[in-house]
Amino acid sequence: MTISTPGTVIISNDASLFGGTLRANTPAKATLVLAQPLTIPAGQPLPMPYSVVLTQLPLDTPLPGGVAPGDQRTPTSGYYGFSLKKDWVVPPGMTAYDYVTFTFYNPGDTVPAGANLSGLGGTFPVGYVVPSDVFPNTIRTAPFTLTIAAGSVRSTPITYQAGAVILAGSTFSVDAVVQPPTVLKPSFFASGFANYDINGGTETRVMEGTTIAPTMPVYQFTAGSYGVPTGVDPAAAMSLWLPPLFTENSRNATLTQRAGASMTLRSLLKGGGGGAIVIGGNASITVDPGQSIKLDAYNQLTMNGRLTAHGGNVTLINESDNTLESSRNFDMSGNGRALSLWIGAGAAIDVSGAAYTATDSAGRTYGTVTDGGSISLNGGTGFVIVRPGAELNADGAGITVNSAAGMSPTTSGSTQTLAGNGGSIAIGSSSGFYLDGSIHAAGGGSSAAGGSLSISLPTAVFPGDSSFIPAKAFVPSTLVVTQAQQSLLPVDIAPGTDAAKLTFGQATVSADMIKAGGFGNLSLSSGDYMQFAGNVSLALGQSIALTAATFTSAPPVPGLPVPNGSPSKPDPSAPVPTGNVLLSAPYVLLREPVAIVPDKSGSGFIGNPGAAGVPTKASFEVDANQIDVQGLILFSASAPNSMYSPGFTDIRFVSKGDIRFLATGAGQTTRLSTDWNLDLIAAQLYPATGVVAVVTAGQNNFTAAQSNQPPTLTIGRSTDTIPDAPLSVFGSLALAAPIVEQGGIVRAPFGRVVLGNNNPFDNRIPTQRVDVLPGSLTSVSVAGMTIPYGGTVDGVTYSYNGSSVQPGGLTNLTSDGWPVSGIMLDGQSINVQGGATLDLSGGEISPARASSRAVAARSTCSTRRSSMPTLRRPSARQATRSTPSCPVTRRPMRPSHRKMAPAIRRSASRSRFLPACRACRPAPTRCCRQTTRCCPGPTVSNSALPRARRSAALLRSVTALTRSPPIRAWPIPGSEAHSHRKR
């Protein structure tokens, strides 16, 4: 059932309260619409805001934002526009021009009295007052809306036209004729429909004390129904009957739930815009278990009553999105509107699990429980405010039953607990939120899982001209995580008021609140900063997901003043933050937010900042069974506006399982960066398939890098056993810091591992020392494994994950001489200690799906774990002598390839080879089937040879990607290089 009107919809037990006349000195009980013009005499305060669209500049009146005067010439005035009465200083953001003398004035310039101005460029600043003693009263502008605040006293009469909106609470000194609102009684919602969708474009309001319970009654036969002739109205032949919520079957111990009804209240206008939704105090809406309630507004959404949908869904949403002026949380003059999604003190949203019990014929208890439902609060551009005393309840239900219920009366049973899992609560707003109420989603028993809490603070985006957006709203988002819960708003604040008390882009979340809520999963998201204030400790039973552009330990502080054009510098006198952060859960994910700013839009995004490199004494630790890193993850920030946010001096990721680096999109690199120390302790570290990941400690911290304790990247093991290699190929993992200590297990199967960074063309701090410690494993091997990797359906194109696999270079080197795959140790000092393992042994990849044209390629030549590189440049003669070559072609490695290559001992093995020398001739390090000698390069199994000949392009693609990679260790001239062989 759908009812929609552009006016107001009232749901009340007493329809007589509303008519076509608003009596003088009587506050409006709801938002109404004028049916006839109403004039307020001069000298009387305006009862409500007055808006008028102007095309001429009002003098001596504060202007809203976006007023653009433009060209002031007329068809008959030639180059002349208007003349100034007095000198005038061009305000910021504007220009003035005189086409008669070709004179142009910039912001700050003084235009002399009597000067001709052909036009004005730009827009007047918000609140600018155009003086009548300087400008004539003839300045044209593009149409704009001027709003005069309620309570203002005007020297001339003001007439409100028919259609003007009268806000609830407004009082007039005279009677006002209004459009009668649509009034619905609660009994309307028992009409038998499965869904009720009610829309009042101006406002939808449930009056105080109103009880609504949408149900779906049915017709039932009565004793008189059988005597009614055919064709009679069913309502006359049968009676309405509402079945009980559950129908019991005591014999079988089963319950059957009746069909229910859902309810939606809206306040939206066709073509955009809309009004408010208000649920009055002590009002309630209750639907059957599993049903839904939705409140969908475009303006203020106030919920002071109770919404109940056990095990169902309750959604409150504000559709405002900054597109229209009316959807912004400030007016054209920059004044805040205090728009909010408000859950008042004493209000409750209850989607806790449904629980029902009964007894069977033997008196044994049986019943049913459900998980908690879902609550979604989406404030749009409005604040989300949950006041002290309010409750959001998504707990699971729990009951105790007899396991023998419904069986033979002689069967003995035992007591059994049925428990439902906690539900989900999601809260989001681009303005901010204040969560001061009770929020919980605990499981219904010890065997049930806690629910999920998702909190999101995206950075506001303003489409179109953002020049008049007030600075207080044009800010990055900052989500602050504290340990204790505290209210930051005045006790007497009311919905839609005290805009000055509400801070744009700010929100606070309490770890104590999350813990007390019984949640098992937590997702925190900020478009820019996630700040941990002081000591924070939080442990959850399932997962934690953190999304932010940067993670910090204190608010941003401005840098030192510098001349224009000079790089900013941090202020050394800024306070040094402290505090220890400890987060633990079985699964932890850190990821980068998705920032979408359309063209011709403005936003306070900080983008992708660099590390701050400022002092801090705070620490950050994550303990988990699995840790994933996705996108650009940064601790500390040097923002584009010369603001510096300190990070953490010690960061530890401790995983009993893996630390994995995930992809964010095609061609995008995942980065984990900090300006101080970083410890990665795990069973193993690896990039997912095709992922390029870079981990950096000490980023931008040049001062610390030159100290006697430079920032260190430490990789360690959390287990004594070596786990199986992951089903991941062709990834790249670079680990860099002033000091790199590799004591863990780092893998990139068929990919590349880089320890250190001494590339002069890289803007990261050079690596002073790389230590490869005993017991460590650095591997690009998949020996003993078969990894599914894509496939081919036509024998020509080999695809993985929907994209064709691109051929790799046969030399395994980029045009700059960098290895495409393999292991590279890159530092001023390289120390490979005894007991360390560098593994380049081969493996096999195979198509992930069956295909008659699939080609399996594998690398049979590899450096075994017992082989270590000699970090010494071989002579040209040695390099030529040790270069594997085809016995027919005898083509040695090109000098450009052997220039930096170390001598590497490779193990020989027998395998099946390519069909002929000419097949491998383009690659100088391949083998031929005429010999039993083995040399680096991929081979193809004999079973695949016939199709390999017909698919040469595919063969080159796959074999190039699966070739044996090299180890490279590059000390710079004059530095130390140590090698320890395993004995």
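Biologist: What should I know before I start?

Modeller: The model is predicted, so local features need pLDDT of at least 70 and side-chain atom pairs count only at pLDDT 80 or more, while totals for chains, interfaces and linings use all residues. Residues are numbered from 1 along each chain as its sequence is written, and side-chain values use heavy atoms, with hydrogens and water left out.

Biologist: In what order do the six strands of the open sheet stand?

Modeller: Strands of a sheet pair through backbone hydrogen bonds, either parallel or antiparallel. Here the order is β22-β29-β32-β35-β40-β45, with parallel pairing; strands are DSSP runs of E, at least two residues, numbered from the N terminus, and two of them pair if DSSP finds at least two bridges between them. Because β22 (211–212) and β45 (438–440) each have a single partner strand, one side of each is left without a neighbour in the sheet. Further in, β35 (residues 348–350) and β40 (residues 391–393) pair over three bridges, and Ile349 has Leu392 in β40 as its bridge partner.

Biologist: What is the phi of Ala253, and is Ala253 buried or exposed?

Modeller: Most residues other than glycine have a negative phi. Ala253, although not a glycine, has a positive phi of about 55°, and its place is in the loop between β25 (246–249) and β26 (254–257). Ala253 is buried, with a relative accessible area of 16%, where buried means under 20%, exposed over 50% and partly exposed in between (1.4 Å probe, protein chains only).

Note on methods. Helices (H or I, at least four residues) and strands (E, at least two) are DSSP runs, numbered from the N terminus.
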